Amino acid sequence: MAAPWPALCRALLRPRGPRAEPGGRRGVRALRRSPVRVLQPQSPPEPPPPPPPAAVERSAAAPGLWYEKAAAGDRRLGKVVTIAKSKKFRDNHGKVLLEGHRLIKDALEAGAVPQTLFFSTVRHLKLLPEAEIKRASLVKVKFEDIKTWSDLVTPQGLLGIFSKPDPAKMSYPAAQLANSLPLLLICDNIRDPGNLGTILRSAAGAGCEKVLLTKGCVDPWEPKVLRAGMGAHFRVPIIANLDWESVPTNLPAGTQVCLADNNDPGSTSLPRGAASAPASPTAPVKSSHKAAPEHEDEEGAAIPELAAQHYYKDWARAPVAVVIGGETQGLSPAALGLAASTGGRRLLIPVVPGVDSLNSAIAAGILLFEGRRQLLWRHKQEGGRQKLPVPG
C-alpha cells in the first residue's frame, strides 16, 4: 500500500535545510559602572503554530476501494504534480508522471507500480484494473485543478505517479510478444521528444525486440515523449542512457548493425541518420560486403567507411539492429565503428533530388517496417526453419 498523499506532499515539499534558531544566547555586558549586570537579548516572539491540515474526506469507489477527497484550495497538489514532471524528480525519486486513461491502463496491465492516482470522477477508477490501483493512494480532485496541471489541450481528468518501470520486470502484452522479431533499434542523439516518442511507437508497431537509447538522447519518460509514444513504453523494452561501450552487451550474439543514412552513396562524410536524394537519379549504390577503407573526421579520428545500399535491397538477416541518428548531431563515430565491426551497412532512403532529408522518426518507421518485411519473407522462403513469428 502506497503512503497517503499528504505524506507524499510532505516528502516532496520538505525544506532543504534545518530552520535557523532565533537569536544567540551569548550575554551582553552593559556599559554601566554600577551595579554591574548582564543583559540578555530578548528573543523574538514565537511564530504562531501552523494551521492544522484540513480534514481529509474518505469515500469508497467500490467495496474495499477507498479514496481521499482533496481539500478545496490545497495548493500542495499542484506543486507535487509540477515537481513530478521534472527530470530531477525522475532521477532522484525513481518515479514518473503518467497522464490519460489509456497510458495509465497500459502501465498497470504491464506491471508498473502506481504510487498515487489523481482523478476527477470515480468513473475513471472503474475503468482501471481494481486489483492494481488498490496498491496506490487515490485522491479525488476537481477537474479544474487537473486542467491547470495538465499539458494536454483536452485533459481526461486522470494523472498518476508511478515507480519508474524496470524493463526486466515488465509483463508486455501477449500479442506484442507473439509478434516480436529479432529486430532491434538503437537511437543515437535523438533529442527531440516528439521524434523519440514517434520512433518508439514505430518500434512497437514493427515488433522490435527492444530499443536501446544511448547517452545524448532525450529522457524517454519525459511527458512529451510519453504522449507521442502512445503506450509504446509498455509494449517494447526500452534500455536508456547507455554508453557505446555497453551497447554490444545489450545485443543478441551475432547481431548485424546497420545505419540509416542520408548521404550520397559515393560520399565519404559521416552519415546523418535520415534519408536524402542521391547526386543523380541513376547514381549507382555500393553493395559490396568487403571491408571498406577508413577516412578521418574533422578531429582526425579514423572513421571506417561502410558499403551503402538502398533500403529496399536485401539487408535484414536475424538478428539485426538499425541505428537512427538525430537530425542535428547525426550519428556518432562510435555508431559507425559498431556497424563496421559487425559487417553492417549504410541504408539509403532515396527521395526526389532537391528535397530536404526525411526526419529521424519517418526514416526509422520506413527502415523498421522494411526490416520486418524482409525478416518475415526470409522466414517464409526458408520454410520456417528460423524461429520467427508469423502474424495470423
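In this predicted model, seven strands form an open sheet with parallel pairing. Their order across the sheet is β11-β10-β9-β16-β12-β17-β15. The edges belong to β11 (238–242) and β15 (308–310). Each of these two has a single partner strand, so one side of each is left without a neighbour in the sheet. On average, neighbouring strands are turned by 25° against each other, direction ignored.

What holds such strands side by side? Strands of a sheet pair through backbone hydrogen bonds, and they do so in either a parallel or an antiparallel sense.

Now look at one pair inside the order. Strand β9 covers residues 183–188, and strand β16 covers residues 320–325. They pair in the parallel sense over six bridges. Which residue of β16 stands opposite D188? It is G325.

Helix α9 spans residues 193–206. It lies across β9, β10 (210–214), β11 and β16. Its direction runs at about 170° to β9. Helix α11 spans residues 333–341. This helix lies across β9, β12 (256–261) and β16, running at about 135° to β12.

Finally, confidence. The chain averages a pLDDT of 81, and 71% of the residues score at least 70. Two stretches call for separate reading. Over residues 266–270, pLDDT stays under 50. The model has 10 contacts beyond four places in sequence for that stretch. Over residues 274–292, pLDDT again stays under 50. Here the model has 44 contacts beyond four places in sequence.

Conventions. Residues numbered from 1 in each chain as written. Predicted model: local features only at pLDDT ≥ 70, side-chain atom pairs only at ≥ 80, totals over all residues. Heavy atoms only, no water. Pairing = 2+ DSSP bridges. Helix = DSSP H or I, 4+ residues; strand = E, 2+ residues; numbered from the N terminus. Axes fitted to C-alpha atoms, helices over the stretch in contact; angles between N-to-C directions. Contact = heavy atoms within 4.5 Å. pLDDT = per-residue confidence, 0-100.
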